[in-house]
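Sequence and structure first, notes after.

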Amino acid sequence: MGQSTSPSIRKVMFVGGIVTLASLILHICIGSYAWYSPAQILSALVGNGSEQIVSTLWDLRLPRALAAGLVGGTLGITGAMFQAALRNPLSDPFVLGSSSGAALGGALALILGFAGAFGGLGLMLAAGAGGILVLTLSLLLAKRFQPASATTLLLGGMAVGSMVAGLLSVLLILAKQDANRVLRWLFGSTSSAEWIHVPWLLGALVVALVVAVRKGRALNALALGETTAAHLGVDLKTVIPALLATGTLSTSISVGCVGMIGFVGLIAPHMARILVGADMRRLAGLAGMVGATMLLLSDILAQRLVGVIEIPVGAVTAALGAPFFLWILSRKSD
């Protein structure tokens, strides 16, 4: 039986798309040092206008804005997947320690000097490998406990993530002069985004969205509990690892491009759930739009909030995300 969507939900999805697109245009127009009008941007897109505006648009603002939108969208979608698969409203894409693994892989790439390898993709690939490695260790550790469950997986992920975070701290101490470079990346920034990253980030978002929608029934069942999901025909031994691997890989690719961005993957699914409900087949899309909008607007603040000094966008999302999260918690407790 096909999925039906009420007119009100279609309207919410349409408005969400418009808001996301408006945020993308606003990000491109404002930039970090000069405001360009939409007319100037449109003219530069077709190769007209001053050489400076055309160069700034194509070399700096477009790849940065697209990266921010794609990363935010990926974090929103994978956050919704993790919250459903692990039946934990406090889950986010980093809950199983994959963030620590991605951070360690990226830090090693920066310190050892192969961040720019493979045509500039070395950092992203190293972060992706680190995130998947930590997820694999978390899954193996969870299988040591019987019965295996979402709780044991979370505990295993926390243990492995803590261990990897400790290794990262040691690495930063040993890095000496490279530590500041690594820390700037870890705090989160879209300033280093280039066109070569955009197809990878787009691929990560598309894969996460397709998996979330295609496995929507399984995720909906998992949100009701593993026993219920098993009775409904969900193969827990294959579905959960596949969902977590997809989310971890997509998130790790994002981390490899822009560093650690907190709260987006935690809050975006909650905000989307308020508007369209918990059905993953529509929740994933709106969570992606909300996440993209959140990161685009946060990146505008990161560029403009403190004059000519750009602050890490991860700090902005954390500062804005905490009050939003408290508001969401207060709504649930009413």
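Helices are DSSP runs (H or I, at least four residues), numbered from the N terminus.

**Ground rules.** This is a predicted model, so I take local features only at pLDDT of at least 70 and side-chain atom pairs only at pLDDT 80 or more, while totals for chains, interfaces and linings use all residues. Residues are numbered from 1 along each chain as its sequence is written, and side-chain values use heavy atoms, with hydrogens and water left out.

**Confidence.** I looked up pLDDT, the predictor's confidence in each residue from 0 to 100. The protein chain averages 86, and 96% of the residues score at least 70. Helix α5 (residues 117-120) is lowest at a mean of 78, and helix α9 (residues 198-214) is highest at 95.

**Helix α9.** Which residues of α9 are buried? I find Val-198, Leu-201, Ala-204, Leu-205, Ala-208 and Ala-212. They sit on the same side of α9, because they cover an arc of only 130° around the axis (the arc of directions from the helix axis to the C-beta atoms). Pro-199 and Arg-214 are exposed on the other side. The cover over the buried residues includes α3, α6, α10, α12 and α14, where contact means heavy atoms within 4.5 Å.

**Core.** A nonpolar core is a set of buried Ala, Val, Leu, Ile, Met, Phe, Trp, Tyr and Cys residues joined through side-chain atoms within 4.5 Å. The largest one has 93 residues, and Leu-201 and Leu-244 are among those touching the most other members. Its largest share, 15 residues, comes from α3. Leaving aside neighbours within four places in sequence, I see Leu-244 in contact with residues including Phe-82, Leu-96 and Leu-153.

**Arg-64.** This residue is in helix α3 (residues 51-85). Is Arg-64 buried or exposed? Arg-64 counts as buried, because its relative accessible area is 9%. Its side chain makes a polar contact of 2.7 Å with that of Thr-190; such a contact is a pair of N or O atoms within 3.5 Å, and within protein one must be able to donate a hydrogen and the other to accept it, with residues adjacent in sequence counting only if both atoms are side-chain atoms.

**Leu-174.** Last stop: Leu-174, in helix α7 (residues 150-175), is exposed at 61% relative accessibility.

Notes
Helices (H or I, at least four residues) and strands (E, at least two) are DSSP runs, numbered from the N terminus. Buried means under 20% relative accessible area, exposed over 50%, partly exposed in between (1.4 Å probe, protein chains only).
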